[in-house]
Amino acid sequence: MKISFRYFITCLLMFSAAATSIQAQQSAHPDSLLQKARSYFNQSLEQQALAAYLDVLKADSDNLEALWHTSLIYARVGYRYDSEQEMMENYQKALTYAEKTLELYPDEGYAHFVYAVANGRISDLSDSQTRIKKSHIVKKHAQKAVELLPNYAPAWHLLGLWNSKIANVGSARQFAAGLFSDGLPEGASNQKAVEYMQKAIRLQPEQTLRYKLDLARHYERAGENNKAIQTLKEIIQIAPKNDIDKWNLERANELLNELQ
């Protein structure tokens, strides 16, 4: 069967147009996934956001937004597990993505933020020596995050948490810290803990429930139970907007029952 030259050219043009269309769709794919992931994340639908951000990374493994959000979500999701093993598995994934983010984007505040978050989470489940080492890492990168992102509330909240935990280290851990060359980081205070957490609330009032819960935990940690109780009573008056809020409200009620 003979194929005319005109027919051949027509087929070639059709094939070229189809290939161009497919290529265009593929190039737009990460952007559409990013929009979907942002929407899920903003609605606190973290599992759906995580799946979408991971899909973005399959198409674009160096995507900054997907990398740091993936790290952050693993850290947040891990925190709500009951099993320390499941917590640590998620925290290690958070650290893996944070390390890549920081390696690729060392001048980005979000890279320093998630690196500090992941190390802080791992620290909570580690031995004394590891906690001391990671406390220096968290301080360095949390401070860098607020320097680069002065209006980013989660970074201030993180720095407040760091101050709270270091300023209220028990005598046994202080003694253990003295056994290692680094020792505990200097400069932490309860005043800074409260100041930075309250600043986070002012910058991002829609997250007041979550931030105030950690503020209440700070007051308990610092031995100021009356302030903790008052803060918790304020928290339980807040209407939850999503499942994460409900989870935090349950924690607030549990702590309030323990302190009263």
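Student: Which residues line the second largest pocket?
Tutor: This is a predicted model, where local features need pLDDT of at least 70, side-chain atom pairs count only at pLDDT 80 or more, and totals for chains, interfaces and linings use all residues. Residues are numbered from 1 along each chain as its sequence is written, and side-chain values use heavy atoms, without hydrogens and water. A pocket is an open set of points on a 1 Å grid over the protein atoms alone, where a 1.4 Å probe fits, with protein on both sides within 12 Å along at least five of seven lines; lining residues have an atom within 4 Å of a point. Here the lining consists of Ser44, Leu45, Glu46, Gln47, Gln48, Val77, Arg80, Asn242, Asp243, Ile244 and Trp247.

Student: Which elements give two or more residues to the lining of the second largest pocket?
Tutor: Helices are DSSP runs (H or I, at least four residues), numbered from the N terminus. The elements that give two or more residues to this lining are helix H2 (46-59) and H12.

Student: Which residues of H2 are buried?
Tutor: H2 has 14 residues. Buried means under 20% relative accessible area, exposed over 50%, and partly exposed in between, with a 1.4 Å probe and protein chains only. In H2, the buried residues are Glu46, Ala49, Leu50, Ala52, Tyr53, Val56 and Leu57.

Student: Is Asn248 buried or exposed?
Tutor: Asn248 lies in helix H12, residues 243-259. Its relative accessible area is 6%, so Asn248 is buried.

Student: What does Asn248 touch, not counting residues up to four places away in sequence?
Tutor: A contact means heavy atoms within 4.5 Å. With those sequence neighbours left out, Asn248 touches Leu209, Arg210 and Leu213.

Student: Which residues touch the most other members of the largest nonpolar core?
Tutor: A nonpolar core is a set of buried Ala, Val, Leu, Ile, Met, Phe, Trp, Tyr and Cys residues joined through side-chain atoms within 4.5 Å. The largest core has 49 residues. Those touching the most other members are Tyr53, Leu72, Ile73, Phe113 and Tyr152.

Student: How many residues are in the second, separate core?
Tutor: This core includes Ala228, Ile229, Leu249 and Leu256. Its count of residues is 17.

Student: Why does Lys227 count as partly exposed?
Tutor: Lys227 is placed in helix H11, residues 225-235. Lys227 counts as partly exposed because its relative accessibility is 43%.

Student: What is the C-alpha to C-alpha separation of Lys227 and Arg217 in space?
Tutor: In sequence, Lys227 and Arg217 are 10 residues apart. In space, their C-alpha atoms are apart by 9.9 Å.

Note on methods: The expected span of a helix is 1.5 Å times one less than its number of residues.
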